[in-house]
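Try each task before you read its solution.

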Amino acid sequence: MGKYIAKRVLSGVVTIVILITCCFFLMHSIPGSPFSKGEQGVPEAVMQRLNEKYGLDQPLYKQYLRYMENILHGDFGISYKNSSVQVNDLISRGFPISARIGLLAVLLSVIVGIALGIVSAVKRGSLFDGASMVIATIGVCVPLFVISVLLLYLFAGVLKWLPTYGLSSWKHYILPVVCLSFSPIAYITRMTRSSMLEVMQQDYIRTARAKGVTEFMVICKHGLRNAILPVVTYLGTLIANLLTGSFIVERLFAIPGLGKYFVDSITSRDYNIIMGVTIFLGIFVVTCNLIVDVAYGIIDPRVKIDD
């Protein structure tokens, strides 16, 4: 187990280095400058002084090496638009807000998705199964921003049951969380249903029933434990994406999370914020995938991890 984890950690470190390298050179290959303002831009003399101040006048490889050195010390730099703002401070401010909404969305997705998938598999061919699959198909096919706008228009605009922006009360969490979890619920429902249908045809399920085990225990203990592996795999990326913020939802509901800062930094070409948020997200994804890989061997004894 220890050797396997070490290999996965090394693979994750290499992935992060490649991510940083690609993002850095892509950012600096984009036409324009973070100091440009509108079509007229800024005077050449001012631009030169700004480039000297932030080291952007140096050769690109020197900028890259300096940035990598700062990353090793945990320093993502400062905002080019506001030199008094540290990228680390933006992440530490925005991540807890995004994580709070994301965690609620993950819990809602897992609970509702697995429950719908189990019931659909057990009641295969019923009206409930058909309705669940229709909803799941809509959740998979319809883009997030369309679902968000529709729910916002219906529950906040027409019915006026829920607020439209901010997070000042528990009601403000309902729409963002539901919008974030709509598509994951659809994926988890379909995966759980498909896995359960396959598992429930296995010999050990028939043996458990023949021994007089209750149907509830057959489904939850024998069936779900083996059918949940695809969902566990999906959760690695899902948790990382939801906890680090959905750019569309946070922008639409005016939530000051990590996604909002990322979108604003793209429009203003603030390289350091773009890089910082991207690297943070990449580290989070790699970490979640590592946890999922280790959890595989714990959930299913049939999965062997060789040292």
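**Exercise 1. Find which residues form one aromatic cluster with F24.**

Step 1. The cluster is made up of F24, F25, Y64 and Y67. Before going further, please note that this is a predicted model, in which local features need pLDDT of at least 70, side-chain atom pairs count only at pLDDT 80 or more, and totals for chains, interfaces and linings use all residues. Residues are numbered from 1 along each chain as its sequence is written, and side-chain values use heavy atoms, leaving out hydrogens and water.

Step 2. Rings of Phe, Tyr and Trp (its six-membered ring) pair if their centres lie within 6.5 Å; planes under 30 degrees apart count as stacked, over 60 as edge-to-face and the rest as tilted. Searching the whole structure by this rule gives ten aromatic pairs.

Step 3. One of these pairs is F24 with Y67, a tilted pair with 5.9 Å centre to centre and 35 degrees between the planes. F24 belongs to helix α1 (residues 2-29) and Y67 to helix α3 (residues 60-72), so the pair ties together parts that are 43 residues apart in sequence. Helices here are DSSP runs (H or I, at least four residues), numbered from the N terminus.

Step 4. Now check accessibility, where buried means under 20% relative accessible area, exposed over 50% and partly exposed in between (1.4 Å probe, protein chains only). F24 counts as buried because its relative accessibility is 4%, and Y67 is buried at 8%.

**Exercise 2. Work out why the pair of Y187 and Y234 is tilted.**

Step 1. The ring centres are 5.7 Å apart and the planes are at 40 degrees, so the pair of Y187 and Y234 counts as tilted.

Step 2. Y187 sits in helix α7 and Y234 in helix α10 (residues 229-243), so to speak distant parts of the chain, 47 residues apart.

Step 3. Y187 is partly exposed at 35% relative accessibility, and Y234 is partly exposed at 22%.

**Exercise 3. Determine how many salt bridges there are.**

Step 1. Side chains of opposite charge can pair when their charged atoms come close. A salt bridge needs a side-chain nitrogen of Lys or Arg within 4 Å of a carboxyl oxygen of Asp or Glu. The count by this rule is two.

Step 2. R193 and D129 form a salt bridge, at 2.8 Å from N to O. This pair links distant parts of the chain, with R193 in helix α7 (residues 171-199) and D129 in helix α5 (residues 127-141), 64 residues apart. Both R193 and D129 are buried.

Step 3. D203 and R206 also form a salt bridge, their closest N and O atoms being 2.3 Å apart. They are three residues apart in helix α8 (residues 203-210), so about one helical turn separates them. D203 is exposed at 54% relative accessibility, whereas R206 is partly exposed at 43%.

**Exercise 4. Decide whether D270 is buried or exposed.**

Step 1. Locate D270 in the loop between α12 (258-268) and α13 (271-299).

Step 2. D270 counts as buried because its relative accessibility is 1%.

Step 3. Leaving out residues up to four places away in sequence, D270 touches S79, Y80, K81 and S265; contact means heavy atoms within 4.5 Å.

Step 4. A polar atom of the D270 side chain lies 3.0 Å from the backbone nitrogen of Y80.

Definitions and conventions
Helices (H or I, at least four residues) and strands (E, at least two) are DSSP runs, numbered from the N terminus. A polar contact is a pair of N or O atoms within 3.5 Å; within protein, one must be able to donate a hydrogen and the other to accept it, and residues adjacent in sequence count only if both atoms are side-chain atoms.
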